[in-house]
Each structure stands twice: as structure tokens, then as C-alpha cells.
Amino acid sequence: MLLLRDAQKADLKPLRALAAELNSVNLPDDERALSGIVDKSCRSFSGKIRDPLARSYVFVLEEPRSGRILGTSMVIAQHGTRESPCTFFDVSEREHYSSTLDRHFKHRVLSIGYHFDGPTEIGGLVVHPQDRGGPEKPGKQLAYVRFLYLAMHRERFREKVLAELMPPLLPDGRSLFWESCGKRFTGLDYQEADKLSRQNKEFIQQLFPPGDIYATLFPPRVQRLLGAVGTDVQGVRHLLEGVGFRYVDRIDPFDGGPHYEAKVADVTLVRACRRLRVSGRDLAPGAGEPDRLAGVERPDGKVRFRAVRTPVHVEGDDAVLPPEARALLEVAPGERVHVVPFE
């Protein structure tokens with residue numbers, strides 16, 4: 001059984017190794033930036049950041065006996081503020097017809113847009129290559145724990161939740177979409193622009209054209225990539241669609257990756273979340289009960305949040321758990337746990 005918990009400053013080294021696999025805005029392969037993200041998460045879980053919408057939460061998946069970190073994921077309470085707006089391209093279709101030539105065309109059009117009062121965002125999901133797949137399903141645990149936390153604290157988050165999915169990239173990490181679009185307006189390489197945007201997005205507002213961009217002007221290969229999902233994240237796309245997310249005809253202005261969105265209240269896992277009382281009885285091995293994610297939160301202490309994937313037998317408002325799950329959660333009979341379906 002694996003333990004999901006809030007990231008600690010001591011996790012910085014293994015998180016840096018995971019960041020090297022993804023190197024995204026949410027999980028950058030940069031020690032200073034990553035240290036800032038972990039510090040902010042610690043202050044978010046502890047409530048030291050007073051404004052709930054200014055918080056972000058980093059989760060890790062740990063092998064309890066060895067202490068090894070298998071993966072990570074995160075929730076950003078609000079992605080898009082007046083100081084740092086969420087930037088995107090709306091993707092729409094325009095039709096043109098000439099009666100003189102009897103020619104009719106449909107064009108995909110990109111229109112720059114900004115959220116200054118943006119949605120909650122889930123991101124930063126990465127599993128160590130040697131741990132991907134297998135019966136423990138670490139990626140699914142890390143994906144689902146974010147919805148468990150959203151369900152536990154609905155008042156801390158926005159009405160909508162966003163997931164920005166990675167598109168197909170070139171073997172060297174470059175984006176064909178950026179080469180055809182963003183680079184022409186900024187003069188920056190993809191990695192350079194991506195790194196700069198972590199601190200300041202002002203250059204996008206100042207240098208990108210305020211009007212529409214016709215995707216017809218891009219090479220056919222680039223047009224096919226708009227809103228496409230990379231091979232490595234197809235499983236994430238299916239998982240998100242399974243719990244209520246949909247592509248919203250919006251793409252990332254850097255790499256053309258799609259934006260998937262859902263209302264928090266409509267996410268199936270959030271709707272199915274239950275707050276139960278821990279039973280004093282032990283769930284017997286092989287009882288045949290369905291697996292769920294069970295989570296608890298503490299107001300103090302070093303580790304504020306814990307969750308495990310475990311069979312749970314529900315009797316009214318009681319949760320009967322295996323002894324190992326109770327031990328990892330550090331809960332006693334009568335305490336409260338939140339549970340969401342896993343299978």
C-alpha cells in the first residue's frame with residue numbers, strides 16, 4: 001500500500017528528479033523555482049497563506065517502507081490573476097465564400113484571450129518511469145487525489161477546474177506550433193519563452209498580435225497538432241474525460257496543447273465523495289470490497305494531509321478499513337475520513 005501526502009521540503013531532491021521528466025511551468029526542472037513551489041505548498045497546507053485562492057498544493061506518492069517518492073501532482077487554487085493572467089488561444093471556425101469564384105472555405109482561427117479571474121488548475125502530474133503502469137496504478141492515484149482534496153475543501157477553489165494537457169513535441173523538446181507562431185512574434189526559442197513565462201507573462205500581451213490568426217497559414221503538419229494530445233498523456237485524457245472533463249476549444253499559446261475543463265460540482269469523483277467515521281473493526285483480507293481513496297487532514301504537525309488507496313466497507317456512515325490503511329492514515333476509531341471511488 002502506498003501513501004499519498006503533502007510534499008515536504010525534504011522531498012525537494014526526488015521532486016527535482018521527477019521534474020527532469022516533465023520540466024513544465026508547474027513542475028520546472030529548476031531547483032530554485034521548484035523550491036519556491038514546494039515552500040508555497042507547505043504554507044498552503046498549513047494555512048499560512050491567508051487567501052485560499054492564492055494557494056497551491058503539491059502531493060507526492062511515497063513507498064512507506066523505503067520512503068521513495070514515486071510521483072507527484074498538484075492543484076493550483078486559481079490559475080489566472082490580474083498580476084499573472086491565464087493566457088490562451090480560443091479556437092473557432094470562420095467560413096468565407098466568393099460567389100464570383102464559387103469558392104467556399106472553412107478556416108480555423110486563433111484568438112488570443114486572458115483569464116484575470118481564472119479557474120482552479122490541476123497539473124504537475126508525473127510518475128517515475130520505472131513505476132508507470134502496474135497494479136498499484138500510481139498515476140491514477142496521483143490524478144484522483146487532487147479531486148479528493150477538491151471535494152474535501154470546495155470553498156477553497158473556483159467553480160471550474162482546468163487541465164492543460166501536453167501536446168506532441170519534437171524529440172528535442174521543441175514545439176512545432178511555437179516555431180510557426182510564438183517564435184515569429186517574440187524571437188524567443190520555446191524553452192526560453194517557457195522559462196520566462198514562469199516569472200512574467202507581460203511579453204505575451206505586448207508582442208502577440210491582438211487580432212485573429214488564421215491557422216491556414218501554418219504548415220499542414222502544424223495545423224493537425226492544434227489541440228492534439230501527446231502519446232504519453234493519452235491515458236490522462238481518457239481519465240479526465242471519464243470523470244467529466246471536456247475539450248473547450250482552447251489551446252496553450254506556447255505549444256498548442258488543449259485545455260480540458262469541468263465544473264467542480266460536475267466532476268463525478270467530487271459528487272461521489274463521502275465523509276465517514278472510522279470503524280473500530282478491521283476489514284478482513286480478501287473481503288471483496290471496492291477500492292477507494294481515503295484521505296484525512298490534520299490542522300497541525302509536519303504532514304498535514306494523508307491518503308491511501310484501500311478497500312473500504314461502508315456501513316451507513318461508518319468506514320471499515322484494513323489495519324494497514326488505518327496505520328498509514330494514522331486514524332483511530334471515531335475519526336473522520338473522506339472517501340472517493342477508485343475503481
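This text covers the nonpolar cores and then the salt bridges of a predicted model.

The largest nonpolar core holds 43 residues, and Phe147, Phe245, Val267 and Phe305 have the most contacts inside it. Helix 3 (residues 138-152) supplies the largest share of this core, ten residues. Once neighbours within four places in sequence are set aside, the contacts of Phe147 are Ile122, Leu240, Val243, Phe245, Val267, Leu269 and Val270.

Turning to charged side chains, the model has 26 salt bridges. One of them joins Arg16 to Glu31, at 3.6 Å from N to O. Arg16 lies in helix 1 (residues 12-22) and Glu31 in helix 2 (residues 31-45), so the bridge links parts of the chain 15 residues apart. Arg16 is partly exposed, with a relative accessible area of 30%.

Glu335 pairs with Arg298 in a salt bridge whose closest N and O atoms are 2.6 Å apart. Both ends are in loops: Glu335 between helix 11 (323-329) and strand 16 (336-341), Arg298 between strand 12 (291-297) and strand 13 (305-311), 37 residues apart. Glu335 is partly exposed at 26% relative accessible area, and Arg298 is partly exposed at 26%.

The loop between helix 11 and strand 16 also contains Glu330, which is 24 residues from its partner Arg306 in strand 13. Arg306 counts as buried because its relative accessible area, 16%, is under 20%, whereas Glu330 is partly exposed at 48%.

Elsewhere, salt bridges with shared partners join Asp172, Arg174, Glu179, Lys183 and Asp189 into one network.

Technical notes: Residues are numbered from 1 along each chain as its sequence is written. This is a predicted model: local features need pLDDT of at least 70, side-chain atom pairs count only at pLDDT 80 or more; totals for chains, interfaces and linings use all residues. Side-chain values use heavy atoms; hydrogens and water are left out. A nonpolar core is a set of buried Ala, Val, Leu, Ile, Met, Phe, Trp, Tyr and Cys residues joined through side-chain atoms within 4.5 Å. Buried means under 20% relative accessible area, exposed over 50%, partly exposed in between (1.4 Å probe, protein chains only). Helices (H or I, at least four residues) and strands (E, at least two) are DSSP runs, numbered from the N terminus. Contact means heavy atoms within 4.5 Å. A salt bridge is a side-chain nitrogen of Lys or Arg within 4 Å of a carboxyl oxygen of Asp or Glu.
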